[in-house]
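This report looks at two ligand sites and the residues that form them. Please have the sequence and the 3D view at hand.

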Amino acid sequence: MKSSATVGISTAAMASMLAAVGCSSAKEADAPKPMNIVYIMTDDHTAQMMSCYDTRYAHTPNLDRIASDGVKFTNSFVANSLSGPSRACMLTGKHSHKNGFTDNTTCVFDSSQPTFPKYLQEAGYQTAIFGKWHLESLPTGFDKWEIVPGQGDYYNPDFITMDNDTVVVHGYLTDLITDKSLNWLENERDKDKPFCLLIHHKAIHRNWMADTAHLALYEDVTFPLPENFYDNYDGRDAAKAAEMRITDHMDPIYDLKMNRPDKYSDLKARYESYYNRMDSAQKAAWDAFYDPITEDFYAQNLQGRELAEWKYQRYIRDYLKVVKSLDDNVGRVLDYLEQNDMLDNTLVVYTSDQGFYMGEHGWFDKRFIYEESLHTPLIMMLPKGLERRGDVAEMVQNIDYGPTFLDLAGVEVPADMQGKSFLPVLKSKEEIPAWRDYLYYHFYEYPAEHAVKRHYGVRDHHYKLVHFYNDIDKWELYDLQTDPHEMNNIYGAVGIEEITNTMMQKLKAAQEEYDDPIRFQYPID
Ligand code: SGN
Ligand code: CA
């Protein structure tokens, strides 16, 4: 697997790169190498479950390696906390209302629209994507792609090839996506060109099925309950209406794997369809692990808080086992880049399509503008010339990724991309004081699974203002400094009129700037 090959740059590629960065007179020998991009995006991996962000739960040495050698964003957000919409924002550099992919259930991505991989391709880059795509139409703008249909399967998954054939590949999906990515890097790409490789994992999406090799992990750990696990949602009607509570909406068979012939649950058939993808050895290892736990679970017949907390522990453990494969596979990619001397001119990004609730507010899933799902982890290993290190507090959003990558490649950022290149942030040794100080969010998928109502809002470093609309008309305002868990909706409280007015102005400015056709009719100027 190891190779001594470095990225070869043809004279023509170098000349075009030099022209792109405006250095055409520089001698070739002194010329900077073109920048490659390896973008690893997982699904539903939340910052709480990475030890570089939070030491209470996970052990993720490879992710920590990225953060400790490079940067860790502490204010990284999505524009719409759901898979397809997040991916569309990322690819186009535009908010959902501009790229047209507002929700997972009704949208098909218009694949004729410009995306950052297409712009990179035009600039001479090799582009590839492997893994979860989730945009309904097939990928465009890639020299090579191989995707999983829809959400993909953890075990022995189907892949859709560029010929639009569906093939079953034996193995565990996180390993397979990495195998395909490394194979492309080593054997398939044109090594005379700079490249942009997108590695899009299904992990750690529901229903959190771990590799059998990792089933035993974390079993002896009892994780702390989030302090708002028993939230009663007072003053927050949309939160109360949502159907994503671990206690009430987490399926004992599908989510927690407590399957037995005499037991039934709403999602039992779905669980069995996933289980039946396994081969006999995989099933044997799976059963050897889960059967005794299942027996014990039904024998105990837990109720109330005991049951809730039992579910919570199982949820966290299963999730972390899936994270383990991911972390190992990120390590494989880093090792490959290191062993092939590619890190000097490769930006390595690790992020997720959104954050996730790990019991905060009693929840799993995402969707809300609240902190855990508005945030998304973002860590980067930086190539030569990008001087930033450590924690980065500047606010960035997934619509900024495309502009940043284009900027790094020396490609002019198109005016209609709404995101902003944060290359200056990566170049600067110090925090940039006058960076963006608030951002805009809009969630649309309602009515739908988990029943999270439509809403939009703005968040700055201190406050968050949200409007839930459609079949509800409710405002929420949070002071993130005194109430970081967003338990106390202060909208309408006496004494906060000025703050409310300021946040309303920001919301208005954001909706105008981004030209969102669904916007509040402001009672203020
Ligand atoms: C599936 C899951 C949901 C999840 C959505 C969206 N249900 O529908 O729990 O919110 O995906 O997730 S499941 O029963 O099919 O597992 S997303 O990350 O792809 O947007
Ligand atoms: Ca997701």
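## Model

The structure is a predicted model.

## Calcium site

The donors to the calcium ion (ligand 2) come from Asp43 (OD), Asp44 (OD), Asp353 (OD), Asp353 (OD) and Gln354 (OE1), at 2.1 to 2.7 Å. Angles among the six donor atoms of the calcium ion (ligand 2) run from 52 to 170°, and the site is irregular. Along the sequence, the spacing of the donor residues is D-D-x308-D-Q.

Asp44 sits in the loop between strand S1 (36–42) and helix H2 (61–69), while Gln354 sits in the loop between strand S9 (346–352) and helix H12 (371–374), so the pair ties together parts that are 310 residues apart in sequence.

Are Asp44 and Gln354 buried or exposed? The cut-off for buried is under 20% relative accessible area. Asp44 has 0% relative accessibility and therefore counts as buried. Gln354 is buried too, because its relative accessible area is 0%.

## Ligand 1

There are 19 residues around ligand 1, and Tyr254, Arg270, Asp365, Glu449 and His450 come nearest.

Oxygen atoms of ligand 1 also have polar side-chain atoms beside them. For Asp365 the distance from a polar side-chain atom to an oxygen atom of ligand 1 is 2.6 Å. An N or O atom in the side chain of Lys366 is 2.8 Å from an oxygen atom of ligand 1, and for a polar side-chain atom of Lys132 the corresponding distance is 3.2 Å. On its own, ligand 1 has 460 Å² of accessible area, of which the protein covers 91%.

Conventions:
Residues are numbered from 1 along each chain as its sequence is written. Chains are lettered from A and ligands numbered from 1 in the order in which they are written. This is a predicted model: local features need pLDDT of at least 70, side-chain atom pairs count only at pLDDT 80 or more; totals for chains, interfaces and linings use all residues. Side-chain values use heavy atoms; hydrogens and water are left out. Donors are N, O and S atoms within 2.8 Å of the metal (3.2 Å for Na, K and Ca); water is not among the atoms, so sites may look incomplete. Four donors count as tetrahedral if all angles lie between 85 and 135 degrees; four count as square planar and six as octahedral if opposite donors are over 155 degrees apart and all others between 65 and 115; anything else is irregular. Helices (H or I, at least four residues) and strands (E, at least two) are DSSP runs, numbered from the N terminus. Buried means under 20% relative accessible area, exposed over 50%, partly exposed in between (1.4 Å probe, protein chains only). A residue is near a molecule or strand if one of its heavy atoms lies within 4 Å of it. A polar contact is a pair of N or O atoms within 3.5 Å; within protein, one must be able to donate a hydrogen and the other to accept it, and residues adjacent in sequence count only if both atoms are side-chain atoms. Accessible areas come from the Shrake-Rupley method with a 1.4 Å probe; for residues, only the protein chains shown count as cover.
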